[in-house]
Amino acid sequence: MSAKASEFDSRDVKPLGSVVHINPRTGSLPEAFIYIDLECVESGVLNSKKLISRNFAPSRAQRLLEEGDLLYQMVRPYQKNNYYFQKGFEYPTVASTGYAQIRCSEVDTKFIYEQLSSDYFAREAMLRSTGTGYPAINADDLAEIPIWVPPLVQQEKIGAALSSLGEKIEVHQKLLSALCSVKSSLMQQLFI
């Protein structure tokens, strides 16, 4: 992909909201569900989840997820703590309204997810964000961010390749973290 953004066919650049559904209407919350709030996701990885009942759910628990939905972090979008919901859990899953719920029906989900997680997209979101301590973008402004939307065959190839690289990076980051822990433990034992 050596083409520069200016070399893309301008017909392939569209506002995000014209190719995906942002915050689609969902039904009522189930009696019990897995809740994903902003602290649960880091760099695309779901680090924790909470099983809660509807009666004790925070008011922000509103986004009932379907397999393949994307979560885009609306608060501090520069952190890029977005999530691709691929796996169902034993209970239905609900996300915080601190995320935009994005559903892809006519575009490749992996391709869109990779664009949402790019430095370009984070910069564009920050330009449209308000607030200083906790800058946030609203769904209408999010929908206006231009993205590249090539033919579906290209989207699928690019999305699969980038997703595969992301998975390999995640595995190596976990290995690096484990090795750092072992090194730290060994260093502590040297001085006991």
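User: Helices are DSSP runs of H or I, at least four residues long, numbered from the N terminus. In which helix is the place of L162?
Analyst: This is a predicted model. L162 belongs to a nonpolar surface patch with L165 and I169. The helix that holds L162 spans residues 152–190. That is helix α4.

User: Is L162 buried, partly exposed or exposed?
Analyst: Buried needs under 20% relative accessible area, and exposed needs over 50%. L162 has 37% relative accessibility. L162 therefore counts as partly exposed.

User: How much accessible area do L162, L165 and I169 have together?
Analyst: These residues form a nonpolar patch on the surface. Their accessible area together is about 270 Å².

User: Which residue is the bridge partner of I34 in β6?
Analyst: β3 and β6 run antiparallel and are joined by four bridges. β6 spans residues 50–53. There, I34 has as its bridge partner L51.

User: How many residues of strand β11 are buried?
Analyst: β11 is covered on both faces. Y99, Q101 and R103 are buried on one side, A100 and I102 on the other. Strand β11 is largely enclosed by the rest of the structure, because its count of buried residues is five of the five.

User: Which residue of β11 is the bridge partner of Y72?
Analyst: β8 and β11 pair in the antiparallel sense over four bridges. Strand β2 also runs antiparallel to β11, with two bridges; there I22 is the partner of I102. For Y72, the partner in β11 is A100.

User: What is the geometry of the ring pair Y72 and F121?
Analyst: The structure holds four aromatic pairs. In this one the ring centres are 5.4 Å apart and the planes stand at 80°. Planes over 60 degrees apart count as edge-to-face, so the pair of Y72 and F121 is edge-to-face.

User: Is the pair of F85 and F89 stacked, edge-to-face or tilted?
Analyst: F85 is buried at 4% relative accessible area, whereas F89 is partly exposed at 26%. Their ring centres lie 6.0 Å apart, with the planes at 55°. Stacked needs under 30 degrees and edge-to-face over 60, so the pair of F85 and F89 is tilted.

User: How far apart are the closest N and O atoms in the salt bridge of K50 with D37?
Analyst: This is one of six salt bridges in the structure. K50 is partly exposed at 36%, while D37 is buried at 9%. The closest N and O atoms of K50 and D37 are separated by 2.5 Å.

User: Which residues are linked with E66 in a network of salt bridges?
Analyst: R103 and D69 meet in a salt bridge at 2.8 Å, N to O. R103 lies in strand β11 and D69 in the loop between β7 and β8, so the pair ties together parts 34 residues apart in sequence. R103 is buried at 16%, and D69 is buried at 1%. E66 is linked in one network with D69 and R103.

User: How many residues apart in sequence are the parts that K80 and D119 tie together?
Analyst: K80 and D119 form a salt bridge, with 2.3 Å between the closest N and O atoms. K80 lies in the loop between β8 and β9, and D119 in helix α2, so the parts they tie together have a sequence separation of 39 residues.

User: How many disulfides does the structure hold?
Analyst: A disulfide needs two cysteine sulfur atoms within 2.5 Å. C40 is buried at 1%, and C104 is buried at 16%. The number of disulfides in the structure is zero.

Note on methods. Residues numbered from 1 in each chain as written. Predicted model: local features only at pLDDT ≥ 70, side-chain atom pairs only at ≥ 80, totals over all residues. Heavy atoms only, no water. Pairing = 2+ DSSP bridges. Buried < 20%, exposed > 50% of the residue type's maximum accessible area, 1.4 Å probe, protein only. Phe/Tyr/Trp six-rings, centres within 6.5 Å; stacked < 30°, edge-to-face > 60°. Patch = residues over 30% accessible without salt bridge, like charges linked within 9 Å, V, L, I, M, F, W, Y side chains within 5 Å. Areas by Shrake-Rupley, 256 points an atom, 1.4 Å probe, with all protein chains shown as cover. Salt bridge = Lys/Arg side-chain N within 4 Å of Asp/Glu carboxyl O.
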